[in-house]
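Reader: Before we discuss any particular part, please show me the model, and then let us go through it by question and answer.

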Amino acid sequence: MPQEGSDHYRRAYAAQIARLAEICDGRIEQAFASVPREAFLPPPPWTIISMGVATRTSEIADIYENVLVAIDLKRGINNGEPALHAAWIDAVSPQPGEAVIHVGAGTGYYTAILSLLVQPDGRVEAFEYEADLAAQAARNLDAYSNVAVHSASAFGRTLPNADVVYVNAGVLAPDVEWLRALNPDGRLIFPWQPHNGWGPALLVTRRAGGFSVETLMNVGFISCSGTTERISISRLPTEADLAAVRSIWIRSDRSPDSSAVTIYDDVWFSAEEIGT
């Protein structure tokens, strides 16, 4: 179906997503209304997933709901839930002129939305470990001149400086290079998943005194491919530990102390508050 055929669905969908996510920035609704979701999906019929139930459909209206849409069912790869992403994007608040690193770009739908929010002078560096998805993303994002797609892992590599690091795959801990890449007041959002695919989304902000952490909603994401992070303590964090986290530290900058909640090879989580 031509892009213009979905315009009215997108406008209603964007308004619905804005309500569900309770977003504060109206530009996010506009971005969701502008990017055709079907351009980033496999050809119809699509498999949509809502409340754990998968349904096949060729109706374009069905993908303009707050549903997952399968990219590759066998690998468990989906175009994620729009309201969740809208809430995350609102939390990290990409601004015009800022630099974004998108980890786990998939086929590029949310990359496109991020790119609109940092125009006219901002840029997005999109990393996708799965080569076939990265190739699709590069094709899908060809018209987005402020996006560069990298067919590579964003783990364990020096990254360009960024105001936002947006992670779409579950990890045991953020890669230390994601923290180092953050500019002052830069924001990192990622799913911290130490318990078999579930855990809180964490919003990390680089303050003058360190990296502050805000705990958001519990989520479940497919695990990040190409990671090497290992747990270096004898037990997994409890739910109480997860809720207690207020900051994160790079171990080469500061050794773990009595405030430590969970310790990894390169970073550790702390219950210590960081001032603004």
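Reader: What is the relative accessible area of threonine 107, and is the residue buried or exposed?

Author: This is a predicted model, in which local features need pLDDT of at least 70 and side-chain atom pairs count only at pLDDT 80 or more, while totals for chains, interfaces and linings use all residues. Residues are numbered from 1 along each chain as its sequence is written, and side-chain values use heavy atoms, with hydrogens and water left out. Buried means under 20% relative accessible area, exposed over 50% and partly exposed in between, with a 1.4 Å probe and protein chains only. Threonine 107 is therefore buried, its relative accessible area being 5%.

Reader: Which residues is threonine 107 in contact with, leaving aside neighbours within four places in sequence?

Author: Threonine 107 lies in the loop between strand 5 (99-103) and helix 5, where helices (H or I, at least four residues) and strands (E, at least two) are DSSP runs numbered from the N terminus. Contact means heavy atoms within 4.5 Å. With neighbours within four places left out, the contacts of threonine 107 are Phe40, Ile71, Leu133, Gln136, Ala137 and Asn140.

Reader: How many residues of helix 5 are buried?

Author: The buried residues of helix 5 include Tyr109, Ile113 and Leu117. Helix 5 (residues 109-118) is largely enclosed by the rest of the structure, because the buried residues number 9 of the 10.

Reader: Which residues have the most contacts inside the largest nonpolar core?

Author: A nonpolar core is a set of buried Ala, Val, Leu, Ile, Met, Phe, Trp, Tyr and Cys residues joined through side-chain atoms within 4.5 Å. Isoleucine 89 is in contact with Ile113, Leu114 and Leu117, among others, when neighbours within four places in sequence are left aside. The largest core has 50 residues, and those with the most contacts inside it are Phe32, Ile63, Ile89, Tyr109, Ile113 and Tyr166.

Reader: What is the C-alpha to C-alpha distance between alanine 99 and glutamate 125?

Author: Alanine 99 is found in strand 5 and counts as buried at 7% relative accessibility. Although alanine 99 and glutamate 125 are 26 residues apart in sequence, their C-alpha to C-alpha distance is 7.9 Å.
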